[in-house]
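This briefing is intended for reading alongside the sequence and the three-dimensional model. Please keep both at hand while going through the points.

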Amino acid sequence: MREDEVAVGQGVDVNTPSVARMYDYYLGGKDNYEVDRLAVAELDKVVPSTRPLAVNNRRFLQRAVRVLAQDYGVRQFLDHGSGLPTQDNVHQVAQRIDPGSRAVYVDNDPIVLAHGRALLQENENTAVIQADLRDTDAIFDDPEVKRLIDLSQPVGALFVSVMHCIPDSSDPAAVLRGIIDRLPSGSFLVINQLVSEDKATRDFVTEFMAETTQNRWGRVRQAHEVERYFDGLEVLEPGLGEINDWRPDSDLGPKQLTAEWYEFGGVARKP
């Protein structure tokens, strides 16, 4: 049976580009289709920095999880908008520090559920659930979340390169606040999203992605809008900014040759 036949059987729309599959392609993955690759080619005509941006975003995720596990003792992670499994996933980074670390991946793309469950079925400390990150009750009521996430202990809640998928009509800051309110004191939030200070870039990408994904998209925002996500939280050093500057391991990562947009955010603790 061909891959596309399997996908259709799992309820995956192979005729509409998916943000998760486009990201997978940028990272060099194989869980994407021609429609995703064509969308990437069109996007690259206007924002050619996107591939290094995606790679550096993944490295930021890995650094943040390692720091939270190693320096702050976090042993459970809830990864919202996790995307397709790739190399060095959240549970792998955390379990290198403590094999008992637990992780739940949350995504609304059915292909993530299919591939994620196949990858994680032999790891009892990990799970993947299909849910919209705006549906807080569905996430926290899910049996896998209840099994793996102990809300009496700090949680590392990840929102890595996903908030630009939330439209203004859903009020992304309020969505985050609803999740933060469910987390215990001492939990950590890792949040970043695509931003641009160039209006033409913001408008093009927002309109292109909304049309391409059939409105499964939000908006490219400005840095000052993302700063609102951290209201009431204790931002860890070195503060908020371009994610490559957040506790870098080295300067050997891929360089953006253009600066039309970038990933802005940081890591913070709930008091």
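The model is predicted, so local features need pLDDT of at least 70 and side-chain atom pairs count only at pLDDT 80 or more, whereas totals for chains, interfaces and linings use all residues. Residues are numbered from 1 along each chain as its sequence is written, and side-chain values use heavy atoms, with hydrogens and water left out.

**Cavity**

- The structure holds one cavity of 30 Å³ or more. On a 1 Å grid over the protein atoms alone, a cavity is a set of points where a 1.4 Å probe fits but cannot get out.
- The largest cavity has about 90 Å³ of space; a volume is the space filled by probe spheres set on the grid points, which are joined across faces, edges and corners.
- Thirteen residues line the largest cavity, and Ser82, Gly83, Pro85, Asn89 and Tyr105 are the closest to its centre. Lining residues have an atom within 4 Å of a point.
- By class, this lining comprises seven nonpolar, four polar and two charged residues. Ala, Val, Leu, Ile, Met, Phe, Trp, Tyr, Cys and Pro count as nonpolar, Asp, Glu, Lys and Arg as charged, and the others, Gly among them, as polar.
- Helix H6 (residues 110-120) gives the largest share of the lining of the largest cavity, with four residues. Helices (H or I, at least four residues) and strands (E, at least two) are DSSP runs, numbered from the N terminus.

**Helix H6**

- The buried residues of H6 are Ile111, Val112, Leu113, Gly116 and Leu120. Buried means under 20% relative accessible area, exposed over 50%, and partly exposed in between (1.4 Å probe, protein chains only).
- The cover over these buried residues includes helix H2 (19-26), helix H5 (90-97), strand S2 (102-107) and strand S3 (126-130).
- At the start of H6, a side-chain oxygen of Asp109 comes to within 3.0 Å of the backbone nitrogen of Ile111.

**Largest pocket**

- About 910 Å³ of space lies in the largest pocket. A pocket is an open set of points with protein on both sides within 12 Å along at least five of seven lines.
- Its lining consists of 48 residues, with Ser18, Val19, Ala20, Cys165 and Arg216 nearest the centre.
- At least two lining residues come from each of H2, helix H4 (50-71), S2 and helix H10 (199-212).
- The lining of the largest pocket divides into 25 nonpolar, 13 polar and ten charged residues.

**Salt bridges**

- The whole structure has 15 salt bridges, each a side-chain nitrogen of Lys or Arg within 4 Å of a carboxyl oxygen of Asp or Glu.
- Arg37 pairs with Glu34 in a salt bridge, with the closest N and O atoms 3.4 Å apart. Both residues lie in helix H3 (residues 34-44), three residues apart, about one turn of the helix.
- Asp137 and Arg182 form a salt bridge with closest N and O atoms 2.9 Å apart. Asp137 lies in helix H7 and Arg182 in the loop between helix H9 (172-180) and strand S5 (188-195), so the pair ties together parts that are 45 residues apart in sequence.
- Arg219 and Asp168 meet through their side chains in a salt bridge (2.8 Å, N to O). This pair links distant parts of the chain, 51 residues apart: Arg219 is in the loop between H10 and helix H11 (223-227), and Asp168 is in the loop between strand S4 (156-160) and H9.

**Thr136**

- Thr136 is placed in helix H7 (residues 136-141) and is buried, with a relative accessible area of 13%.
- Apart from neighbours within four places in sequence, Thr136 is in contact (heavy atoms within 4.5 Å) with Gly178, Ile179 and Arg182.

**Backbone**

- Most residues other than glycine have a negative phi, and most peptide bonds are trans.
- A cis peptide bond joins Glu237 and Pro238, with omega about 10°. Pro238 is in the loop between strand S6 (234-235) and strand S7 (241-242).
- Gln214 has a positive phi, near 55°; Gln214 lies in the loop between H10 and H11 and counts as exposed at 51% relative accessibility.
- Arg247 has a positive phi, near 45°. Arg247 lies in the loop between S7 and strand S8 (262-269) and is partly exposed, with a relative accessible area of 28%.

Notes. A polar contact is a pair of N or O atoms within 3.5 Å; within protein, one must be able to donate a hydrogen and the other to accept it, and residues adjacent in sequence count only if both atoms are side-chain atoms.
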